[in-house]
Amino acid sequence: MPIPPIPEALRREVEKFVESNFDFAFKPEKPAVRLHECTFGADEINAALATMLSTYVTMGDQTRHFEALCSRHFGFQHGIMVNSGSSANLLAVAALTNPASGPLLRAGDEVIVPALSWSTTVWPLIQCGLVPVIIDIDPTTLNLDLNQARQAIGPKTRGIMPVHVYGNPCDMDGLMELADSHNLVVIEDCCEALGALYRGRSVGSFGVVGTFSFYYSHHITTLEGGICHTNDFDLAEVMRILRAHGWVRETQNREIYEKQHAEIDPRFLFVNVGYNLRPTELQASFGPIQLRKLEKFIEVRADNAGFWREAMRPLEKFFRFQEPTPNGRHSWFGFPMVIQPGAPVNPREFRDFLKQNQIENRPLIAGNIARQPALKLFPHRIFGDLKESDLVMSNGFTFGNHQAVDEAARNYVLDTIIKFFKQKRLI
Ligand SMILES: Cc1ncc(COP(=O)(O)O)c(C=O)c1O
């Protein structure tokens, strides 16, 4: 059911406000480059306001509409929107370990994950009784090292959860070959990689399920939000059930369940356990408008990345850069750099220098997840010395590479980096 538009005067007021207050352009007279700038404008705010004024705010038509749009856009049959990328990971793993899905994974099974991953890449595995096997990354792509993955496979290994780090697609030919030859379930964490492709196909479409995030600082946003994409109808149905209390309400095969349990009020029929991972309609109302902006945003990010990569060639003795995977399209969530081991550059001093010059920066994802105290509380297996992930944790960083970084901003970043090396008399 389409929701009524908001009153014209209100719409215009919002537009006026946004026009005079949302100024995220780089100012040469007061230079600053933040890690992220807002991607939404008056259209998204008005869509959210219209949703509130309609009073239809909890998951409904707008969510279903965005799910259909988003899955079609990226070439999937099903999209199950949730309230965050973390929830998407939890829902995917919970569904795969649920008796209703086979299950494809069972408590005690091992799942390989890269050490350079986010906390809520790994936590859902633990929360669902699986045992993460942490392996190292490839120092060039920063994605999981397939040789290590091959060697890490043991008698209990049943799954692999690649992360497409900073939007760089993993080598999915190699990964799927490995997974197929060992019957591994593949769960793709694409939370940093919206719009990334491998051989022209969206990341997330190679494994059984792909998870995406629409957090505020991601390529596009629904404020908080995420989605699970899959081509597996049965898995999608299980995810629809687990997303909302174990209810049948959102399933496409609802009548079948209702007939099977005719003695129970169909409005309150629980066919499984579940969570409440639902998004709101306000979040869903952002989706279609943001999705239309995605290609342009990726273009700007890729252009900036190409510029910095080329301009910093003379600094290769100091830095390693993330190299795009062959046959992929990188969607450049940031611009990952790693200070070369042994280079005469103190990582903290360098990053502080950027910060003093108003260039925000941050470590890459959560560094080596095996070093985080939380992991030590739960069963897990560490394969190898994880030295590349340790190096990224101590020496890796990114500054902002987003839709608002224009030519002046990227030149400022470059000039500031060069200034550091000149001041140190290193160049
Ligand atoms: C690789 C990865 N997985 C999962 C998440 C979680 O997404 P969210 O912040 O939407 O919960 C993130 C967050 O940025 C991430 O980088």
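Figure 1. A pocket is found on a 1 Å grid over the protein atoms alone: it is an open set of points where a 1.4 Å probe fits, with protein on both sides within 12 Å along at least five of seven lines. Rolling a probe the size of a water molecule over the atoms shows where empty space is left. The volume of the largest pocket is about 610 Å³; a volume is the space filled by probe spheres set on the points, which are joined across faces, edges and corners.

Residues are numbered from 1 along each chain as its sequence is written. The model is predicted, so local features need pLDDT of at least 70 and side-chain atom pairs pLDDT 80 or more, while totals for chains, interfaces and linings use all residues, and side-chain values use heavy atoms, without hydrogens and water.

**Figure 2. The pocket lining.** The lining of the largest pocket holds 33 residues, each with an atom within 4 Å of a grid point. Tyr215, Ser217, His218, Phe333 and Arg362 lie nearest the pocket's centre. By type, the lining has 9 nonpolar, 17 polar and 7 charged residues. Here Ala, Val, Leu, Ile, Met, Phe, Trp, Tyr, Cys and Pro count as nonpolar, Asp, Glu, Lys and Arg as charged, and the others, Gly among them, as polar. Helix 4 gives the largest share, 3 residues. Helix 4, helix 5 and strand 15 (396–399) each supply at least two. Helices (H or I, at least four residues) and strands (E, at least two) are DSSP runs, numbered from the N terminus.

Figure 3. Around the ligand stand 15 residues, and Gly85, Ser86, Asp189, Glu192 and Ser213 come nearest. A residue is near if one of its heavy atoms lies within 4 Å. This shell divides into 4 nonpolar, 9 polar and 2 charged residues. A ligand oxygen is 2.7 Å from a side-chain N or O atom of glutamate 192. The distance from a ligand oxygen to a side-chain N or O atom is 2.7 Å for serine 213 and 3.1 Å for histidine 218. Taken alone, the ligand exposes 390 Å², and the protein buries 90% of that (Shrake-Rupley method, 1.4 Å probe). Helix 4 (85–96) and helix 5 (119–127) each give two or more residues to the shell.

**Figure 4. A cis peptide bond.** Glycine 102 and proline 103 are joined by a cis peptide bond, with omega about -10 degrees. Proline 103 lies in the loop between helix 4 and strand 2 (110–114).

Key: A polar contact is a pair of N or O atoms within 3.5 Å; within protein, one must be able to donate a hydrogen and the other to accept it, and residues adjacent in sequence count only if both atoms are side-chain atoms.
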